[in-house]
Amino acid sequence: MRRSWKASVLCAAASLSSSSAHASPLLELMGDFGGTGGQQARNTASGASAAYFNPALLSDVPTGLTLGVVVLGSRIGVALQGRGEGEYDVPEGLENAAHADGTRFDNYPIATETLQHGREETPSRSATAARPRQAAGTGKQNATYVAIGVVAHFFEQRLSIGFCGLIPMGDFTQLRSFYVDEREQYTSNSLHPELYGDRLYAISFGFGMAYRFTKRFSLGLGSGITIHAGSASPAYVADAGKLDGLVLNVDVKVKAGLAPYGGFAYRPFDRWQITGSFHAPQEVAVDNEIKFLLGTGVEQTSSLKLLFDWMPWQVGLGTSLDLIRRKHSLLSVAGSALYARWSQYVDRHGEQPVPEFAWYDTVTGAVGVRGAHRAWSTGVDFQYKPTPVPLQQGRSNYVDNDRFGLSASLEYTIPFRDTKLKLGTQLQGFWLLNRFVRKLTPPTFADGANRTPALVSDEFPDDARIGTRAAEGAEGLQTNNPGWPGFSSKGWLANLGFYLALTL
Amino acid sequence: MTRHLSIATLVLLGAGCRFGGPEGSPTELIEIDAGVPVEERDAASGTEEDDPLPDPPDPVDAQPEPVDAALPVPSDAASCTPPSGLECDPVSGEGCLPLMQCLVDPASSTPAAYCVFSGLLLDVSCVQDELSTNCPPQYTCVQGECRKYCYCDADCDDGAACADPSAEGGSDAFKLCERVLP
């Protein structure tokens, strides 16, 4: 009786939280928090995080409540290659330049010297702040999260429901966009890790349920939420030279869609288990539409689509084998592979990598050992995740590296009346292997046309004219692409967590 | 049981790989206006309109060049052979354990090198001490810049000269690469 009362309370808590369900890159990095599943949570999750990774595993997770705290640090460095002696620099005074046929450039770069050192105010010109190359990198981060998990069972343990979440302390979530080509010169003029950074502050909830069909087979389903926000902003600009007098309204609408996931767990023999899982793509999309009305009566509309926390289709397969299985001792080995369809990647500005530098689909592999002896449980995992990003020899500067990961967890169980109190800790380290790329030099042409759009853009076309005269120094390549002529990246991430679980 | 284990092993062997990826050559020229002849001006790329660019050097083993390096100095064509008796070779980067790299010993009056821990270059400038450096392997930190070690010009990238005497140590066995203007 007492047990069913506790289960009902836990169920109510799970139901209230399910409306916020959302999966994220953060959960993927953290793995099985609150258990010994480590980096094979889809295969061997023993805590509430099974609700996200493989809901079928909830059948074997005891009813209970888990609370914990995790500290995560990332140090991802990007070093830019020197630009030489200025032969690729964009000169000043291009504001009024045009192609030989009088048409305007697609894009007007800032002078390289102004970007690097800024510009002082003069009677005829306003001051411009300096944006030195890579001075605004975002690879160094520290974050703390509160972890919560709930699991409950019903109908003689046949139906299981679970919820897990990681809530960042401080910034609840971060959505930070940046361009991966020469357009970034206007903002940070730096390169940023593509799959970390603000993605480590994603909203991270998972809700799932499992049904145990037989003693050896369970099936689970869950869902996250894909968020689509639309923003329409009518703006009135009385004087284009005084934008501080902008008159602006905002009309924001947020829609939520389902991002389902699910899995199975099958134990052909007492000592052997096979698992499988799938996760549908997830994202947070923001559509912006700004309709400008100028003082002259002219109306213009600008649209911008932003995408954050994009995750691909993922399919996982795993297996574990109990080598020692006694009353008070257990030793098992586990291995798993996770396919991710990164070739469909859409970046923060809603753009896909060009075919010449299309991303790879990846298979991430992990192997590990699980052990338990009386009150102690432990797990160790080793993971290798190849980067989906090809060498960035062209216009784009997606920064990502192959990654090795090592995780270790330790748990101690204390009987407490009718329940068990579990104290656990988890330590993970990820090493991003050094990667260097030197970009290809694009050919330039006398007519100023760009015939290699996948390569770095010549921002000062060779046919440039200022007035009726040919612009000096236009021959060859001039670019402010922050990744030109090359860059290297490497780094690490680590997290340490502690948790307390009360289970039946 | 054994058969099932074999299947599981095969699944694991396939893990940790990637497939798909880039399609087509990024250097292939697209047609803008077939009727208008074009004159290519970039002598550095040296390609015809219909020819793709030559393959770049393999970037896997390449290293970042020094940022804003100095003008070139003619090479004295020094020997490419490392001094004998080194604990590790700072030019080839060999002789150290994983996650460590080789630096010239600044305290020794004879050619000497030792291993330090590899750090992480978070900014444009670098930091180096007796225990660690955040420059890439085969590089050293000189006045806030990562500079590549060399014995002779062949150790430098892109035709750079091996001419700058190392500021480290009392020996002239080690030099630093300098940048050559294109």
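User: Why is B:C177 called buried?
Analyst: B:C177 has a relative accessibility of 6%, and buried means under 20% (exposed is over 50%, partly exposed in between, with a 1.4 Å probe and protein chains only), so B:C177 counts as buried. A word on the ground rules: this is a predicted model, in which local features need pLDDT of at least 70 and side-chain atom pairs pLDDT 80 or more, while totals for chains, interfaces and linings use all residues. Residues are numbered from 1 along each chain as its sequence is written, chains are lettered from A and ligands numbered from 1 in the order written, and side-chain values use heavy atoms, without hydrogens and water.

User: How do you know that B:C156 and B:C177 form a disulfide?
Analyst: Their sulfur atoms lie 2.0 Å apart, and a disulfide needs two cysteine sulfurs within 2.5 Å. The torsion about this S-S bond is -90 degrees, a left-handed link.

User: What makes the disulfide of B:C126 and B:C141 right-handed?
Analyst: The torsion about its S-S bond is about 90 degrees, so the disulfide is right-handed. B:C126 sits in the loop between β3 (113–118) and β4 (132–133) of chain B, and B:C141 in strand β5 (139–142) of chain B, 15 residues apart. Both of these cysteines are buried. Over all chains, the structure has seven disulfides.

User: Why is the pair of A:Y52 and A:Y261 called edge-to-face?
Analyst: Good one! Rings of Phe, Tyr and Trp (its six-membered ring) pair if their centres lie within 6.5 Å; planes under 30 degrees apart are stacked, over 60 edge-to-face, the rest tilted. The structure holds 24 such pairs over all chains. Here the centres are 5.3 Å apart and the planes meet at 70 degrees, so the pair is edge-to-face. A:Y52 lies in helix α4 (50–53) and A:Y261 in strand β8 (251–269), both of chain A, so the pair ties together parts 209 residues apart in sequence. Both residues are buried.

User: What makes the pair of A:F213 and A:F217 tilted?
Analyst: The ring centres are 6.1 Å apart and the planes are at 40 degrees, so the pair is tilted. A:F213 is partly exposed because its relative accessibility is 42%, and A:F217 is partly exposed at 28%.

User: Which residues make the nonpolar surface patch of about 710 Å²?
Analyst: The patch is made by A:V367, A:V380, A:F382, A:F404, A:L406, A:W431, A:W492 and B:L99. Strands β15 (376–385) and β16 (403–416) of chain A each give two or more residues to the patch.

User: Why is A:F382 called partly exposed?
Analyst: A:F382 has a relative accessible area of 40%, which lies between the 20% and 50% cut-offs, so the label is partly exposed. Its place is in strand β15 of chain A.

Definitions and conventions. Patches are made of residues with over 30% relative accessible area and no salt bridge: like charges are joined within 9 Å, nonpolar side chains (Val, Leu, Ile, Met, Phe, Trp, Tyr) within 5 Å. Accessible areas come from the Shrake-Rupley method with a 1.4 Å probe; for residues, only the protein chains shown count as cover. A salt bridge is a side-chain nitrogen of Lys or Arg within 4 Å of a carboxyl oxygen of Asp or Glu. Helices (H or I, at least four residues) and strands (E, at least two) are DSSP runs, numbered from the N terminus.
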